[in-house]
Amino acid sequence: MSDRHAALEKELRQLETVNAAVSDLIGTLRTTRQNIAITHEATDDTQKLLNKWVQILSQTNFTRDILTNPHWQLEEEEGYIESRLQQEKELTETLASLRQDNEELTRKLEARETKRGVKRPRTPNTKR
């Protein structure tokens, strides 16, 4: 019986060693998971910083190109902006006029259809 007892004692020590190794492995895996999360967060932050740096660099290059271009003049750029604003104003006025004409034509069409006794579903006017 003492041989059996010694074998059981030996097996118990081996199991305790395996359990300690598994516990260490679990601890290492938890630490690794935390380190991966930290690395992921740092990578995201680095990506955001890199994107900002690219924007700054792009703006710097654009500004440098303008400053080194001997043919660029501020007045020309401002004139372009003014002409675009005027064009937008004219287009807006034209659109308003066309909408008014459309509403008037729709009323006339509905009046004609009413005289004829034709009823059609009324479509809502789209105003923007």
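**Close-up views of a predicted two-helix chain**

**View 1. K108 and E104 pair within helix α2.** K108 and E104 both lie in helix α2 (residues 74-116), four residues apart, about one turn of the helix. Helices here are DSSP runs of H or I, at least four residues, and strands are runs of E, at least two, numbered from the N terminus. K108 forms a salt bridge with E104, with 3.6 Å between the closest N and O atoms. A salt bridge places a side-chain nitrogen of Lys or Arg within 4 Å of a carboxyl oxygen of Asp or Glu. K108 is partly exposed at 48% relative accessible area, and E104 is partly exposed at 37%. Buried means under 20%, exposed over 50%, and partly exposed in between (1.4 Å probe, protein chains only). This is a predicted model: local features need pLDDT of at least 70, side-chain atom pairs count only at pLDDT 80 or more, and totals for chains, interfaces and linings use all residues.

**View 2. D65 pairs with R64.** The closest N and O atoms of this salt bridge are 3.0 Å apart. D65 is partly exposed, at 40% relative accessible area. R64 is also partly exposed, at 45%. The whole structure holds two salt bridges.

**View 3. A nonpolar patch includes L50.** L50, W53, V54, I56 and L57 make a nonpolar surface patch of about 500 Å². Patch residues have over 30% relative accessible area and no salt bridge; nonpolar side chains (Val, Leu, Ile, Met, Phe, Trp, Tyr) are joined within 5 Å, like charges within 9 Å. L50 sits in helix α1 (residues 2-68). Its relative accessibility is 45%, so L50 counts as partly exposed.

**View 4. The whole chain gives the context.** The chain has two helices and zero strands. Of its 128 residues, 1% are buried. Areas follow the Shrake-Rupley method with a 1.4 Å probe; for residues, only the protein chains shown count as cover. Numbering runs from 1 along each chain as its sequence is written, and side-chain values use heavy atoms, without hydrogens and water.
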